[in-house]
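Keep the structure in view while reading.

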Amino acid sequence: MTFCGYLPYVGPPMVVEHEISLKFTSSPAPSEIYDNIRTPHVPASGIPIEIVLTILEAAYFDDRGGPNIDLLSKCALVCRAWSLHGQKLLFRRVRLRSHSAFVSFTHATNRSSLRGRILSDAVIQMRAVLDYNQPGCLNQSSLAVAVANCPNLYELDLAQYGCVAPGKDVVGSPAQERMRRPAPSFSERSLALLGAGPRITALNFSNWSENSQSVLQLLEVWPSLRSLSLTGTSPVLFPGVTYPPFPCALEELRLNCQREPAKEFLGWLLHRSAEEKSLRIIDLERQPSPELLDFLVEKHGETLHSLAIPSFAMHEHAHAAMRCRSLRELRTESSWSSPVICRQMPETIQHLAFGLDLDTLLNPIIDLVKTRDDLQAVTVNLWGDGHRHPQLASLQMACAYRGVDLRLTRDVRRMRLLVRGDPVVPPTYPRTQTFDSMQPTVRSVFVA
């Protein structure tokens, strides 16, 4: 039996005729298609300047953490509406390395004109070089005039180099020989001009001369200092000389001296900070002796938020860090640290930075990521074959699961850029370089 026996008979299929006409035309050229697309409407007045400023501020920093001079210079030449705002961003950070640079700067920031006042008000960070071994160098009086001309300046990065007799200089001489070159002390007139200028809150002084008293002169000028960085020649307090108490309550101290500063100097420098419990950040770029680190932690460990030294491999350094029970950030560049330091990290820890190679113990760090709820970021510099560490994937998974930002780099200079921000104590770590991290009084200069 077939299926036909069960289906009703419907007769033969009906044929329906359809008339179909085809018209072949060539497709329009791509240029014609794009010509028909409606372009966005731009107001006659142009893009609102608020949007332009937001874009320029977002693109302000380059890959090296400095201002994107090339971009900002081109933006300042786009049109008259952009010109002043682009120049204000260019003048946010100023570098003076020669007398000719000083002349150009003072001409641009002449406060007798409206534009000059606007540009001088925009300067908040200045880097200057006093190199007495170079012809046409920037001198002390010119530096003082430039600083006094910028009322909103809050950070001064100053490098001082000594000089030798003509024909006696050796190109490429070791650092110790460069530091034996004499440099003049600051004159009373220069110090008076500096003192009459803006309230500097951050001073970075690199002294590559044998004059160990220059930094003491500068420290007397600004009682408003909150952040201090010293590099090169170690400051010295001469025996038998009575020094007035240092009036500043520092919040940040960074040291990179050729010789470890004496405890007498640090005690004098940090006396007010210890009384007011103000010191929050200690960054030692050279490995300190256990005695020096113990001295600093004994005086300031109770309120310390950030501690950075090259290595925590020695038990003495690790135990000193463990005594800081309010730490929010711990940084080291070494690939080996005592494992006990991670196990004893306080619950307040927010940022951890370390080096990684094949021999690094990652288990304590992975456990820390899993157990610290306030942890925000982990920064890792990969040394050698560190990217092949068998537990690196476990660290990545732990950070991803806990929502911790894991930042990997193979360049230690890039690592330093990631962890060092503007010289103001941040509410959270790691520190960043953004416009939001500037002081509110300075921020208003850019939005005016």
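## Cavities, pocket and core

Four elements each supply at least two residues of the lining of the largest cavity: strand 9 (329-331), helix 15 (340-343), strand 10 (351-356) and helix 16 (363-371). The model is predicted. Strand 10 gives the largest share of this lining, with four residues. In total, 20 residues line the largest cavity. Nearest its centre lie S337, I341, C342, F354 and I365. The lining of the largest cavity is made up of twelve nonpolar residues, seven polar ones and one charged one.

How many cavities of 30 Å³ or more are there? The count is two. The second largest cavity is lined by F205, N207, V215, L230, T231, T233 and P235. Strand 4 (202-208) and strand 5 (227-232) each supply at least two residues of that lining. Its residues divide into four nonpolar and three polar, with no charged residue.

The largest pocket has 41 lining residues. R93, R95, R127, D157 and Q433 lie nearest the centre of this pocket. Strand 5 gives the most to the pocket lining, with four residues. Strand 5 also supplies at least two residues to the lining of the second largest cavity.

| Space | Volume | Lining by residue class |
|---|---|---|
| Largest cavity | about 170 Å³ | twelve nonpolar, seven polar, one charged |
| Second largest cavity | about 30 Å³ | four nonpolar, three polar, no charged |
| Largest pocket | about 1500 Å³ | 13 nonpolar, 13 polar, 15 charged |

Next come the nonpolar cores. In soluble globular proteins, nonpolar side chains tend to be buried together. Here the largest nonpolar core has 87 residues. Those with the most contacts inside it are L219, L269, L307, L330 and L395. Take L330 as an example. Leaving aside residues up to four places away in sequence, L330 touches L307, F312, A321, I341, M345, I349, H351, L352 and A353. One of these contacts, I341, is also among the residues nearest the centre of the largest cavity. A second, separate core has six residues, including L56, Y60, L72 and C75.

For C75, the nearest cysteine sulfur is that of C79, 9.8 Å away. A disulfide needs two cysteine sulfur atoms within 2.5 Å, so C75 is in none. C75 counts as buried because its relative accessible area, 10%, is under 20%. C163 is in no disulfide either, and its nearest cysteine sulfur, that of C137, is 8.5 Å away. Is C163 buried or partly exposed? C163 is partly exposed, with a relative accessible area of 27%.

S224 sits in the loop between helix 10 (214-221) and strand 5. Its relative accessibility is 4%, so S224 counts as buried. What does S224 touch, not counting residues up to four places away in sequence? Its contacts are R199, I200, T201 and C248. S224 and C248 are 24 residues apart in sequence. In space, their C-alpha atoms are 6.3 Å apart.

Methods. Residues numbered from 1 in each chain as written. Predicted model: local features only at pLDDT ≥ 70, side-chain atom pairs only at ≥ 80, totals over all residues. Heavy atoms only, no water. 1 Å grid on protein atoms, 1.4 Å probe; cavity = no way out; pocket = protein on both sides within 12 Å on 5 of 7 lines; lining within 4 Å. Points joined across faces, edges and corners; volume = space filled by probe spheres on them. Nonpolar A, V, L, I, M, F, W, Y, C, P; charged D, E, K, R; others polar. Core = buried A, V, L, I, M, F, W, Y, C linked by side-chain atoms within 4.5 Å. Buried < 20%, exposed > 50% of the residue type's maximum accessible area, 1.4 Å probe, protein only. Contact = heavy atoms within 4.5 Å.
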